[in-house]
Structures are given as structure tokens and as C-alpha cells.
Amino acid sequence: MIDEVIKSLPYEVIEKRKQRIIVKVEGESFASALNALKGLSFNRLNILTAVDFIKEKEFEIVAILHSDENKVIAIVKTRIPRDNPSIETITNIYPNAYKYEIEMSEMFGIKVLGNPDSGKEFVLEDWKDLPPLRKDFDSIKYATEHYESRNVEVKYD
């Protein structure tokens with residue numbers, strides 16, 4: 001199965017194992033790669049998320065797909081610029097991506113084009129700071145400014 005998938009994909013396979021492949025695509029090919037994999041029996045989107053590579057000034061978008069038929073996982077990765085980051089929605093391919101996209105928008109500030117709720121509050125209410133999962137977000141500063149200090153003694157055995 002893995003070899004058949006690899007032969008049919010016009011994308012770079014950066015890792016191949018018995019039950020897993022990792023595919024790297026250019027940002028504009030992300031949705032078409034997922035669509036191609038769905039056609040190859042990768043029927044389930046397990047997760048869609050992002051990783052902040054602040055030193056490279058990029059976000060990596062990661063989708064993990066599963067083929068129930070062949071018991072194989074495909075990890076699809078792409079990089080997008082960190083400045084004004086955006087990707088196209090994949091809800092037309094995997095409808096369950098909807099909430100992942102909203103979460104990615106809120107937590108990383110990545111705009112998801114075509115998702116009408118991208119940019120709306122999902123978990124955070126009245127959040128006025130940088131998105132909290134960006135590496136330049138200072139969580140200690142934020143906690144110091146927004147929560148009162150507590151004197152708590154922590155004992156370790």
C-alpha cells in the first residue's frame with residue numbers, strides 16, 4: 001500500500017515506514033495533496049495543527065490522516081510564512097477540519113481562507129494579546145499582568 005501511495009503522489013515523501021509516510025508539500029499544494037490522499041483511501045483526518053518555527057519565520061501546518069482500509073497513517077506537512085500567515089480551508093475534503101482550523105486561527109493567528117469562523121473566538125474570550133501558542137507570546141508576563149500572585153509552597157518528596 002505505501003509504495004502505491006508514494007508512486008501516485010507528485011509530492012516529496014520525506015519518510016517511509018511500514019505503516020506511515022510523511023509527505024512534504026508546498027503551501028499552495030497542501031489541500032490538493034490531502035485531496036489526493038483521500039482518494040487513496042485516507043478517509044480520516046485525525047488532527048490538523050501548526051508548529052511555530054520562529055527562527056525560520058515560518059509555521060508548519062501538519063495534518064495526520066488515517067486509512068481505515070489499509071491501516072496506514074500519512075502525515076502531511078507544509079510551511080507557510082509567519083508574517084500574515086494563511087492557508088485555504090480543507091473542510092471541503094475533511095469536514096471535521098472545521099474546529100481544528102478555528103483553533104489554529106485562535107492559537108497561532110493563522111487565517112484560514114474559506115472557513116467563515118476563522119478569526120472568531122473559540123476558547124479564548126476577549127483575548128487581546130498575541131495568540132498564545134506563538135513562541136513570541138510571553139506566558140509568564142501575561143500571567144503576571146492578568147492574575148493575582150499567590151504564595152503557594154510546593155513540596156517535593
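Val154 lies in the segment after helix 4 (139-146); helices (H or I, at least four residues) and strands (E, at least two) are DSSP runs, numbered from the N terminus. This is a predicted model, in which local features need pLDDT of at least 70 and side-chain atom pairs count only at pLDDT 80 or more, while totals for chains, interfaces and linings use all residues. Residues are numbered from 1 along each chain as its sequence is written, and side-chain values use heavy atoms, without hydrogens and water.

**Surface**
- Val154 counts as exposed because its relative accessibility is 53% (exposed is over 50%, buried under 20%, partly exposed in between; 1.4 Å probe, protein chains only).

**Ser118**
- Ser118 is in the loop between strand 7 (111-113) and helix 4, and counts as buried because its relative accessibility is 18%.
- The side chains of Ser118 and Ser105 are joined by a polar contact of 3.4 Å (a pair of N or O atoms within 3.5 Å; within protein, one must be able to donate a hydrogen and the other to accept it, and residues adjacent in sequence count only if both atoms are side-chain atoms).
- A polar atom of the Ser118 side chain lies 2.9 Å from the backbone nitrogen of Val112.
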